[in-house]
Amino acid sequence: MTQPATAPPAAKRPALPSLSTLGPLIALLLACIFFATQSDRFLTATTLSLVLKQISFVAVIAIGQTLVILTSGIDLSCGVIMALGSVVMTKFAVELGMPPILAILCGLIITTAIGALNGVLITRLRLPPFIATLGMYGIVFAATQIYSNAQTVTNLPPALNFLGQTFNILGTPFTFGAVLMLLLFGLAWFFLTQTAPGRHVYAVGNNPEAVRLSGIPTTRLLISVYAVAGLLYGIAALILVGRVGAGDPNAGQTENLESITAVVLGGTSLFGGRGNVLGTFLGALIVGVFRVGLTLSGVNSVYQILITGVLIILAVATDQFSRRKA
Amino acid sequence: MTLQSTPTQTSSRSSVPLVMEARGLVKRYGQVTAINGADFELRPGEILAVIGDNGAGKSSMIKALSGAVVPDEGQIFLDGQLVSFRSPIDARRQGIETVYQDLAVAPAMTIAENLFLGREILKSGPIAKLLRIVDKKKMHEEAVRHMQGLQFAIKSMSQPVETLSGGQRQGVAVARSAAFARHVVIMDEPTAALGVREGNMVLDLIRKVRDGGLPVILISHNMPHVFEIADRIHVHRMGQRAALLNPKKISMADTVSVMTGALKPEQLSADVLAH
């Protein structure tokens, strides 16, 4: 801000944002190299398939979390919304005898509506996103427990499990859920980088006042972002149902922090307005690679939590450092 | 042209048609009267400075002109047509652009994106329109063309605005308003946050906007800036227009006296008043 008017602007700064995108890539490569030396089973297609399967639903939640964080918000209710979605989809199909496709649709509508409600609380009641979604976390968690009597819903029709089904690429089974996750990352990337509403998501995280003054309906934009995030949690619910073969009311209690971890590791700023969803994919991969790698190397999984903690601090420190330079 | 407009003495005296005119604007907030029957007029191709002490109500009046405040009474005319703005977006649709003092740009986004924020150029084709896919290349080219027109020297339109100095950032905001305004550009303290050199750079830019044919309303506390570029000075006091001054005739000290009420407008000699 205070540099003289004559300073040539283009020279130095553009190198820094790429640090936040390169950082996670380097961390991921280093982790892969390390685990390859620890276990000869690591560098195989099976490991890749396993990692993708394990991260799939958290990663899909993290896409929604990325959208929210880019607006300089945060969503603590994501995981429990997913759990409610999984219970609704399975209970509607199993107990109400709905056709699976209709039950899935109902689940998606409910998670989208709760997401939109988050957005309404934040924009209309002007609650801080942290508080609004913390409150929603409690409400949705309790509602899920009450609705399901804390019982897991089983005996699902096969159509509800289809995202857990696998198909073979060169002899290695991959789940449809993992493919759907990759597809959603592609879509989110396209939306955020190539479309006007996607650019407005960044802009509103940068300077909401500037966005409002430029005539973009910010309230509608923010409510849409939280609603789309809710829809993504619903899709994550479907992937979860496919993976565990049941509707689980106790799922989703730690996914809020796990998804925030993936977003932050991926170089997206918690202050909003900068970052990208491909970074989130890398962030989710890093967590997944450590989990699988440490298991394969026979190391206590507590180390995965420790290393994730260190990486989070490194990632945010990098973000802070590059902002101070600006 | 005139619907229920009252052709007033002031406007009939000058033969120039007014770009913007306001008559008897009133805005009350409970007990407080922020605008107390204010008149306002803006001629084509002029820089009109609006000055006034803190609390004189000048920003309330400007907000009424830019749609941010809906007045309780009074009329606003744009090119002789009666208009009523319910929001800044209304005013913007009518071709009135406002530049704010607090650098209303999105820092992490590129210059081109900031110029077109909310008015992105979309790719052609029905699918691109439906998905609202932005045409980054075209936005970039347009940004270069427009900035060149203002002789605003920036190397690349694809650098983030945060790489610019404060003056250059304000320059982007000014360029943005000039690009889209069809009638009026309102600048609310555009140089307040800037240093001396940067302020001068923005003043240059404001002149270029006027020379390009757009009238500019400049709200400023900075008397040297006002005297440097204003064609006329609207002095606001106690919620009304106290005087219209000619900066080429009147001294800065007398202007400040009119502004603070130490000098009554009636005491001024006729040649320092602007017509």
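This is a predicted model: local features need pLDDT of at least 70, side-chain atom pairs count only at pLDDT 80 or more; totals for chains, interfaces and linings use all residues.
View 1. By class, the contact of α2(A) with α3(A) has three nonpolar residues, three polar residues and no charged ones. Two packed helices are described by the angle between their axes and the distance between the axes. Here α2 of chain A covers residues 45-70 and α3 of chain A covers residues 78-94; they pack at an angle of about 130 degrees, and their axes are 10 Å apart. With that angle, α2(A) is oblique to α3(A). The crossing of α2(A) past α3(A) is right-handed.

**View 2. Chain A touches chain B.** Chain A brings 27 residues to the contact and chain B brings 33 residues. In chain A, α7 (196-206) and α8 (208-213) each supply at least two residues of the side that touches chain B. Helix α7(A) gives the largest share of that side, with six residues. Sorted by class, the residues on the side of chain A that touches chain B are 15 nonpolar, eight polar and four charged.

**View 3. Six strands of chain B form an open sheet.** The order of the strands is β6-β7-β8-β3-β9-β10 (chain B), and the pairing is mixed. At the edges are β6 (96-99) and β10 (240-245) of chain B, each of which pairs on one side only. From one strand to the next, the twist averages 20 degrees.

**View 4. Strands β3 and β8 of chain B form a parallel pair.** Strand β3 of chain B runs over residues 47-52 and strand β8 of chain B over residues 216-219, and four bridges join the two. Within this part of the sheet, Ile47(B) is found opposite Val216(B), a residue of β8(B).

**View 5. Helices α7(B) and α8(B) pack together.** Helix α8 of chain B spans residues 196-211; α7(B) and α8(B) pack at an angle of about 15 degrees, with 9 Å between their axes. The two helices, α7(B) and α8(B), are therefore roughly parallel to each other, since angles under 35 degrees count as such. Their crossing is right-handed. On the α7(B) side the contact is made by Gly166(B), Gly167(B), Gln170(B), Gly171(B), Val174(B) and Ala178(B). On the α8(B) side are Glu198(B), Met201(B), Val202(B), Leu205(B), Ile206(B) and Val209(B). The contact of α7(B) with α8(B) divides into seven nonpolar, four polar and one charged residues.

**View 6. Phe77(B) is a buried residue of strand β4.** Strand β4 of chain B covers residues 73-78, and Phe77(B) has its place there. Phe77(B) counts as buried because it has 21 C-beta neighbours inside 10 Å, and 20 or more are needed. Between Phe77(B) and Ala193(B) the separation is 116 residues in sequence and 32 Å in space, C-alpha to C-alpha.

Conventions:
Residues are numbered from 1 along each chain as its sequence is written. Chains are lettered from A and ligands numbered from 1 in the order in which they are written. Two residues are in contact if their C-beta atoms, placed from the backbone, lie within 7 Å. Ala, Val, Leu, Ile, Met, Phe, Trp, Tyr, Cys and Pro count as nonpolar, Asp, Glu, Lys and Arg as charged, and the others, Gly among them, as polar. Axes are lines fitted to C-alpha atoms, for helices over the stretch in contact, and angles run from 0 to 180 degrees between N-to-C directions. Angles under 35 degrees count as roughly parallel, over 145 as roughly antiparallel, 65 to 115 as roughly perpendicular and the rest as oblique. A crossing is left-handed if the near helix is turned anticlockwise from the far one by less than a right angle, and right-handed if clockwise. Two strands pair if DSSP finds at least two bridges between them. A residue is buried if 20 or more other C-beta atoms lie within 10 Å of its own, exposed if 12 or fewer, and partly exposed in between; C-beta atoms are placed from the backbone.
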